[in-house]
Amino acid sequence: MSGKPNPYVTVFTPAYNRCGYLGLLYESLKEQDFDNFEWVIVDDGSTDGTGEAVRRFIADNEINIRYHYQENAGKHVAVNKGVQLGKGELFFTVDSDDTLAPHALSAIVQQWQAVLELPEADSYAGVCGLRVHEDGRVIGGAVDYEVMDVSPIDYRFKLNYKGDRAEVIRRSIMAQYPYPEIANERFCADALTLNRIGCRYMLRYFKDGIYVCEYLAGGITDSSVQLRRDSPKGACLYYAEMAALPGLTKIQRLKAALNYWRFAVYDKQTPFRDHRRAIGSYWSYIMFPAAWMLKLVSN
């Protein structure tokens with residue numbers, strides 16, 4: 001399917017050895033009640049037949065699909081590539097083992113078009129719906145708003161809403177805030193870029209379960225601690241920036257500093273003085289040896 005020349009939404013999927021689940025997402029995309037979208041898939045070095053499966057989807061000629069293969073480099077690198085390849089005004093990352101509710105894209109577009117009517121529309125990066133379990137329960141627990149306009153930073157750290165969400169960001173803004181690509185590291189926290197965006201922009205949060213997911217064993221969520229250990233420079237960058245975010249409480253900053261040192265001890269290349277300068281906490285002289293003890297125990 002050639003699709004419309006300028007799709008309104010880019011649905012982006014980073015794929016890595018989830019061929020058995022990708023078909024479910026494909027079926028949910030075919031069922032969408034909004035059709036002006038493209039599906040961009042970046043295959044991050046899969047070895048399970050993902051490419052063959054996608055070529056079958058393309059041959060169906062049901063929806064607009066574009067496929068790109070890269071050597072395994074990590075989800076964050078795949079996202080950067082997806083932003084480059086995408087053509088939509090809005091960029092919506094949907095993982096390969098998740099699905100969308102049939103009204104997901106129409107709800108997103110409706111909310112975004114309402115934002116565009118606001119005189120301060122330029123201060124919004126996008127919109128954000130809810131992720132839900134298959135039985136409809138909201139990931140992280142129920143929310144107490146219908147619509148709320150707030151920065152992602154205030155949403156997480158001031159209002160203390162928990163759980164993953166379904167952020168949809170203007171692709172032009174995603175292009176301004178690419179994930180850092182660090183040599184020999186294959187993981188970067190999704191929230192790093194979202195926090196950077198949140199220092200300048202708001203999102204419109206809306207109470208609608210548009211994204212259906214269950215966390216699978218062996219996925220990024222399940223193995224997040226080990227991924228951070230294996231990519232300590234990226235983990236340290238994330239927690240150093242978190243500790244410096246505006247509006248955080250002292251406790252929240254302390255937790256960020258603790259987590260910084262939790263993973264800094266796995267960075268064998270950066271000396272203590274540079275880490276100390278990056279996190280800027282006098283507690284470092286206590287946290288550093290404590291983190292080393294924790295590393296020894298966990299090993």
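With which side chain does the side chain of His133 make a polar contact? I took up this question at the outset, noting that the model is predicted.

**Entry 1: His133.** I located His133 in the loop that lies between strand E6 (124-132) and strand E7 (147-150). I found that its side chain makes a polar contact with the side chain of Glu214, at 3.1 Å.

**Entry 2: Nonpolar cores.** I recalled that nonpolar side chains in soluble globular proteins tend to be buried together. Here I noted that the largest nonpolar core has 54 residues. Among those with the most contacts inside this core are Tyr145, Tyr155 and Met242. Helix H9 (residues 232-243) gives the most to this core, with 7 residues. I also recorded a second, separate core of 38 residues, which includes Tyr26, Phe34, Ile108 and Trp112.

**Entry 3: Tyr145.** I examined the contacts of Tyr145, leaving aside neighbours within four places in sequence. The partners of Tyr145 include Leu130, Tyr155, Tyr161 and Arg165, and also Tyr205, Phe206 and Lys207.

**Entry 4: Helix H11.** On which side of H11 do the buried residues lie, the same side or opposite sides? I identified the buried residues of helix H11 (residues 272-279) as His275, Arg276 and Ile279. They cover an arc of only 100° around the axis, so they are on the same side of H11. On the face turned away from this buried side I found the exposed residues Arg273 and Arg277. After H11 comes Gly280, for which I noted a positive phi, near 60°.

Note on methods:
Residues are numbered from 1 along each chain as its sequence is written. This is a predicted model: local features need pLDDT of at least 70, side-chain atom pairs count only at pLDDT 80 or more; totals for chains, interfaces and linings use all residues. Side-chain values use heavy atoms; hydrogens and water are left out. Buried means under 20% relative accessible area, exposed over 50%, partly exposed in between (1.4 Å probe, protein chains only). Helices (H or I, at least four residues) and strands (E, at least two) are DSSP runs, numbered from the N terminus. The arc is that of the directions from the helix axis to the C-beta atoms. A polar contact is a pair of N or O atoms within 3.5 Å; within protein, one must be able to donate a hydrogen and the other to accept it, and residues adjacent in sequence count only if both atoms are side-chain atoms. A nonpolar core is a set of buried Ala, Val, Leu, Ile, Met, Phe, Trp, Tyr and Cys residues joined through side-chain atoms within 4.5 Å. Contact means heavy atoms within 4.5 Å.
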